[in-house]
Structure formats: C-alpha cells, structure tokens
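Hi there,

Here is the structure I promised to pass on. Please have a look at it, and then read on for what turned up inside.

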Amino acid sequence: MEVVRVAHVSHPAPAASGTADTGTAPVPHRDTEEPDFPAAADRTQWRYRPRRAFWRSRLVRAVAVVTVLAICALFILGMVREQTGTEGFLVGLGLAVLPVPLLMAAFRWLDRVEPGPWKNLLFAFAWGAFAAALVAILANSFAIRWIATATADPDSADTLGATLVAPVVEESAKAAAILLLFLFRRKHFGGLVDGVVIAGFTATGFAFTENILYLGNAFGEDQEFGATGIGSVTAGTFFVRVVMSPFAHPLFTVLTGIGFGFAALAPRGKRLRRVLLPFAGLLLAMGMHAAWNGSATIGGPLAFFAVYLALMVPAFGLLTWLAVWSRQRELRTISGELPAYAAAGWLSPAEPLALSSMRARQVARTFAARTYGQPAARAVGEYESFATTLAFLRDRARRGTAGPDFPAREQELLHHLWQRRAVASPALTYAARATGQVWAPPQYLDYGGYNPYRS
C-alpha cells in the first residue's frame, strides 16, 4: 500500500475593501518548511503527470522491439523455407523444436533463486532465433562468396567460412542480446547466474533456427536420393545436432554470459574491468566455437569425436558445475545477509534459514495454500522474491555496486515485506522447522501439559 502524505496549505485573508476583484480564488501561501496539500486527490487519481518524450514511452519501445524481431523472423524463416522447401522446412521445424523446452527448463531451473522476468528471457530467445540468425546467415554468405571470389577456390572458402568467419559472426550476434539486457535491464542482471541464463536462452533460440535449416536440408537430400530410416542423412543430422550436442551453441555463448556476469559483479569504479571481462568471454566463446567447427570440417569424424570428448564434454561439465555453484552461492548470500534484518526485527529468526533453502520455500508456499488458500501462497511467493532481492541488494551495497539509491530501494523492499509478513512469516517459520533448518522439539513431548509445537 502506498502511503500518500497529507499536506497543509494556508490561504490568505480576503482582499480588503476597495481592492480590485479579479474573480479568481486566492493563491495559497506556504506557511511550513515542507508544504502539504490537503485538497489534492489521491496519487492514483492524479490527472496531471510529467510529460515524457514520445520515444521514451515504454509502450513505444516495446512495440519497436517486437516489430524489429517480427521483421527479422519473417526474413530468416522465409530464407530458410526457400533453401529447404516447404516440406523440408516443416520437418526441420518439428525436429528442431524438440530440445528447446528441455534447454529452457534447464536454464530456468538455474534461475529459481531470484527468477528474472520472462520478458527478458523471451527477448533473448527471440533475438537469438531471428535477429542473430539473420545477421549470421547474411554475413556468413557474404564472407564465403568474397573468399571464394578472392581465392577462386569454393571448397576452401566453405572451410574458412565455417572455421574462422562463422564463430566470429555468430558469437558476436548472440552477444548483442546479452549486451542489450546488460545495459538496459541492469537491475535484473546481477551476477553469474543471470549471465548464464540469458546467454543460454539466446543460444537456444539461435540453435533452434539453425537446426531447422540443417535438418530441412538433410530431409531434402534424403527425398532426392530416396534414403530412409536410421541410415538417412536426416537421422544422422538429428543425432549429431539434437541428441549428441544440443548444448553446443549454449556452451559457447555461456562463456560470453559469464564474462558479463563477472562484469556485473565488478565495483562501479572498475570500468576497464567491465569492458575487458565480457570481451574476454566473447573471445573464449569464439575460440571454442572455432575448434568445434574446425574439427567437423577439417579433421574428419575422428577429429570431431576427439574434440567432442576432450574439449566439449569437460567444458560442459565445468560450466555446469560453475552454474550450480553460482546458484548455491546465491543461497549462501541470502543466509549471510538476511540475519541482519532478523536481528533488527524485520524478519523472524527462522526466516533467513528457510529463505536460503529451495525446499523450505516450496514447503512454505504449500503450507500457505493448504491453510489459507492460493492468495496466501502467492503472498508467500512474493515475500520470498522480495526478501531474496533485499539480500542481493545488501550484498551489492557491501561490494560497492548498489548505487546511491540503495537506502530508498531498501526501504521499498522492507515495505513490501512488512505488508506480507502476517501470512509469510508463520509459513516460513513452519517450513524451517519442517525441513530441519531449525530444531523443533518432538511433538509427542509435552512441557507441563502444554506443547506449542503440536499441530
């Protein structure tokens, strides 16, 4: 609930006899250091608001972004359909969509501690699928034609394009989405997990469109030569791109996302670090992408499997460990920062322990829904989200990256917590005891005939 201050102003005495009457009400005078306005309407009923330039309207910017992405989608999907044919396009679309929900669910799972807005993730996916894919297919085609013309060797042009040009173009195009969200959605980009998740969604979208092209072309080749079954080109392409390496593009781009994540953790005065870390991540993404493409185009099947086992699998395992470790670090941040608010009386002593456990959070929401209904469960979920944001805000303030408006943002979050405290605090306290985060006496023991923990 927004608190609106009631103001007080005084009016001058009526004009003396003989004074010209203008027929208008007197101008109010300020008689206090901070004037109040008792006659003003509630904030929700204000008729006069500050005017902003047309292009600064959120609606205008949202429409512009959606329009640009829609145009890119029409162009890239039209180009893919032209290359694969309508039937090949539909087959490729049906097969390429299969790994998308699994990859999106995996990256969303990493983001469960402080989930970012879906609109940011959908923008990242759409940018990768349409804008980045369009830039990549146009730039790669132009580069390959230029190399073929300059060298008079189309075969070497294809090899150089796949090994050197494509990694630079594609990773730069995908990194643009991460950069835009880093610059314009900074409050939702706070660390490593955010960088990994945004990069993962962007690369998943890019791989989706690329798989439509490869699988559609493979299906067209099978139609031309009459190949079917496991030995078909479509089956082989599906195995390599969807079954064996669905994480390839996400793995490359996540390196860029990690660079931006480290940049988000850097103090505000370290501008050089904020530039070099994303650039270093981008270079690593390009290098790994080049090694992957080169193994497939230059070394043959043996080199491809060697790179897959020696480079891709260990890198995937390392990045998976880093992502899970980052998520656990977020939970440790909650358990480390919120006790200060519990000591100050804003939270109960058990709440920081419950909020730092994903299982306890779920138990609290389930308990609230079972006891008080779904509105209470939503209130507990909102409480958990605000408390998590408060912990991360305090952590950024400790590291000097919170900004000068930290006190105002802290007070706003405490206000939201206080509004939901009556429902959320008992639910989280119950969840802390139910999950073993805090010790509770067994329910079968009575103390003088009274057991406060008996349900």
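**Cavities in the model**

The count comes to two cavities of 30 Å³ or more. Please keep in mind that this is a predicted model.

Let me start with the largest cavity, which has a volume of about 80 Å³. Its lining is made up of Asp111, Gly116, Pro117, Asn120, Leu121, Leu181, Arg185, His188, Phe189, Asp194, Val197 and Ile198. Sorted by class, that lining has six nonpolar, three polar and three charged residues. H5 gives the most here, with three residues.

Now for the second largest cavity, which holds about 40 Å³ of space. Around it you will find Ala96, Pro99, Val100, Leu103, Thr204, Ala207, Phe208, Asn211, Arg241 and Pro246. Two or more of these lining residues come from helix H2 (99–110), and two or more from H5. H5 again gives the most, with four residues in the lining of the second largest cavity. By class, the residues there divide into seven nonpolar, two polar and one charged.

Happy browsing, and best wishes

Key
Residues numbered from 1 in each chain as written. Predicted model: local features only at pLDDT ≥ 70, side-chain atom pairs only at ≥ 80, totals over all residues. Heavy atoms only, no water. 1 Å grid on protein atoms, 1.4 Å probe; cavity = no way out; pocket = protein on both sides within 12 Å on 5 of 7 lines; lining within 4 Å. Points joined across faces, edges and corners; volume = space filled by probe spheres on them. Nonpolar A, V, L, I, M, F, W, Y, C, P; charged D, E, K, R; others polar.
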